[in-house]
Amino acid sequence: MRIKPFQKRYTVPGDKSISHRAVLFGAIAKGKTYIDGFLHGEDCLSTVSCLRQLGVDIQMENESSLVIYGQGVEGLQSPLKPLDVGNSGTTIRLMLGILAGTKVSAVLVGDDSIARRPMSRVVEPLRLMGAQIEGREHGRFTPLTVQGSRLSGTHYNSPIASAQVKSALLLAGLQAEGKTVIRETIHSRNHTEMMLPGFGVEVITNGLEVMVPGKQSLIGTHVKVPGDLSSAAFLWAAALMVPGSRMTVEDVGINPTRTGILDVFVQMGATVEIEQTGVWCNEPIGNVTVYGDDLKGVEIGGTLIPRLIDEIPILAVIAAQANGRTIIRDASELKVKETNRITTTVMELQKIGVNISETEDGMVIEGGNEIQGGMCSSHGDHRIGMALAIAGLAARDGVRVNGAEAIKVSFPSFESIITQLSV
Ligand SMILES: O=C(O)C1=C[C@@H](OP(=O)(O)O)[C@@H](O)[C@H](O)C1
Ligand SMILES: C=C(OP(=O)(O)O)C(=O)O
């Protein structure tokens, strides 16, 4: 149902990408790692449970504070049962990079969505380093089996801008003989490169290239996780969908490899005020306020896309309300996320009366018409579920989202915040 204008300040739960990395790196480090602000969402909990199955002692002091008693990669043990990564692409791909160079043998499985997502993007370059990974359709899909082995460093030109690929190879490279160099065509998020030096690891970045010398070990540290900009994006979007509203999100990560959506808000005519308040573990954080009425459509593509890849479903919702046409190009990677996010975004927004169509590598939205509302589905994809719920704040008849439980994957407090906005 259409809601009244609001002026609010919130914090959002910890960044999902950074939470995964903090617990994975702590698990292969020697000594204690403390994590504050850990995201207690299903994806990160899948990472924790896989690591526990590998014999890592992880204690939860409370929902967002963890202590990991790391014993180095040598301390990892072969699990008795398959490691279940649930819905999390980051977990399986980074875990493959870690396990490839250990003495562990393990089977990795996930849910139906994971079973459809491509694994060859990490399996193939890891095999070039000497990894022994087998699986369904020659290792293109789960279930996958990894038998840890000796690795050699590599020089890999990554054909896709994927931080999961880059991170998997860097993690394998830490255990390999010789150096590992990854070159991307477009910058992907750089949280791995930003965090590893805090664990005492040498990482050298030179433009689009990242290099790690091999045979390095990690030392436990303290990680403070910034708020997740990808979660905050839904709250800022709420303010843009309800004219006259204003939303501030505090202590949110503003790493430039993630802030593409803020650039697009400005391009659409919104006001974005960024007050940087600190740097936590190499990651800039700040308080970010977004407001604006009478937005206009935009054309986006190219190097901007990896900087807002997870925000495209919510951007489509904002574009539906903005005046004029929005064109999103170069976003084929969306086809291999939790769902095919081009298809699911277009299909579900059409159901609630948005004029939107699918293209080969993105979508076109004709904005400026009232969103009617109705019944739609998350298709089990957290970001689709949240995008549709935000559309509901401006829809004439409201929006009912089936499968909203998927939202717990990344933003467990989303529903309670949206309920507060609506009263
Ligand atoms: O490394 C990460 O933490 C992530 C990288 C991105 O995926 P790709 O690496 O497939 O682009 C992103 O979509 C995902 O939500 C998290
Ligand atoms: C794509 C996502 O995550 P992952 O690849 O880790 O499943 C996401 O959170 O939008």
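**Reading the cores, sheets and ligand shells**

Colleague: Which residues touch the most other members in the largest nonpolar core?

Modeller: The general idea is that nonpolar side chains tend to be buried together in soluble globular proteins. Here, in what is a predicted model, the largest nonpolar core has 72 residues, and Trp-236, Ala-237 and Ile-390 touch the most other members. Helix H9 (residues 229-241) gives the most to this core, with eleven residues.

Colleague: With which residues is Ile-390 in contact, leaving aside its neighbours within four places in sequence?

Modeller: On that count, Ile-390 is in contact with Phe-234, Ala-237, Ala-238 and Met-241, and also with Ile-314 and Val-317. There is also a second, separate core of 65 residues, which includes Val-23, Val-122, Leu-174 and Val-210.

Colleague: Now a helix. Which residues of helix H5 (residues 120-128) are buried?

Modeller: An α-helix has 3.6 residues a turn, so residues three or four places apart point the same way. In H5 the buried residues are Val-122, Val-123, Pro-125 and Leu-126.

Colleague: What covers the buried residues of H5?

Modeller: The cover includes helix H3 (89-99), helix H6 (136-139) and H7, together with S7 and strand S9 (155-157). Just after H5, Gly-130 takes a positive phi of about 110°.

Colleague: How do I read the sheet made of four strands, and in what order do they stand?

Modeller: Strands of a sheet pair through backbone hydrogen bonds, either parallel or antiparallel. This sheet is open, its order is S5-S6-S8-S7, and the pairing is mixed. Strand S5 (83-84) and strand S7 (132-135) each have a single partner strand and stand at the edges, so one side of each has no neighbour in the sheet.

Colleague: In which sense do strand S6 (residues 105-109) and strand S8 (residues 141-147) pair?

Modeller: S6 and S8 pair in the antiparallel sense, over four bridges. Val-107 has Thr-145 in S8 as its bridge partner. S7 and S8 are likewise paired in the antiparallel sense over four bridges, and there Gly-135 has Leu-144 in S8 as its bridge partner.

Colleague: Where is a parallel pair, and how many bridges join strand S22 (residues 374-377) to S23?

Modeller: S22 and S23 run parallel and are joined by four bridges. Opposite Arg-400 in S23 stands Met-375. Strand S23 (residues 399-402) has two faces: Val-399 and Val-401 are on the covered one, Arg-400 and Asn-402 on the uncovered one.

Colleague: Take one residue of a strand as a test case. Is Lys-8 buried, exposed or partly exposed?

Modeller: Lys-8 lies in strand S1 (residues 7-11). A residue is buried with 20 or more other C-beta atoms within 10 Å and exposed with 12 or fewer. Lys-8 has 15 C-beta neighbours inside 10 Å, so it counts as partly exposed. Apart from neighbours within four places in sequence, Lys-8 is in contact with Met-247 and Leu-421. Its C-alpha atom is separated by 6.5 Å from that of Arg-246, 238 residues apart along the chain.

Colleague: What does the domain assignment of the chain give?

Modeller: The assignment gives domain 1 (16-224) and domain 2 (226-422). Their centres, taken over C-alpha atoms, are separated by 28 Å. The contact takes 24 residues from domain 1 and 20 residues from domain 2. On the side of domain 1 that touches domain 2, the elements giving two or more residues are helix H1 (16-28), helix H2 (42-53), helix H8 (191-195) and strand S14 (222-224). That side has ten nonpolar, eight polar and six charged residues.

Colleague: Which residues surround ligand 2?

Modeller: They are Lys-16, Asp-43, Ser-88, Gly-89, Thr-90, Asp-310, Lys-337, Glu-338, Arg-383 and Ser-410. The shell around ligand 2 has no nonpolar, four polar and six charged residues. Domain 1 (16-224) and domain 2 (226-422) both contribute to the shell around ligand 2, so ligand 2 lies between them.

How values were computed: Residues are numbered from 1 along each chain as its sequence is written. Chains are lettered from A and ligands numbered from 1 in the order in which they are written. This is a predicted model: local features need pLDDT of at least 70, side-chain atom pairs count only at pLDDT 80 or more; totals for chains, interfaces and linings use all residues. A nonpolar core is a set of buried Ala, Val, Leu, Ile, Met, Phe, Trp, Tyr and Cys residues joined through C-beta atoms within 7 Å. Two residues are in contact if their C-beta atoms, placed from the backbone, lie within 7 Å. Two strands pair if DSSP finds at least two bridges between them. Domain bounds come from an automatic or database domain assignment. Ala, Val, Leu, Ile, Met, Phe, Trp, Tyr, Cys and Pro count as nonpolar, Asp, Glu, Lys and Arg as charged, and the others, Gly among them, as polar. A residue is near a molecule or strand if its C-beta atom, placed from the backbone, lies within 6 Å of it.
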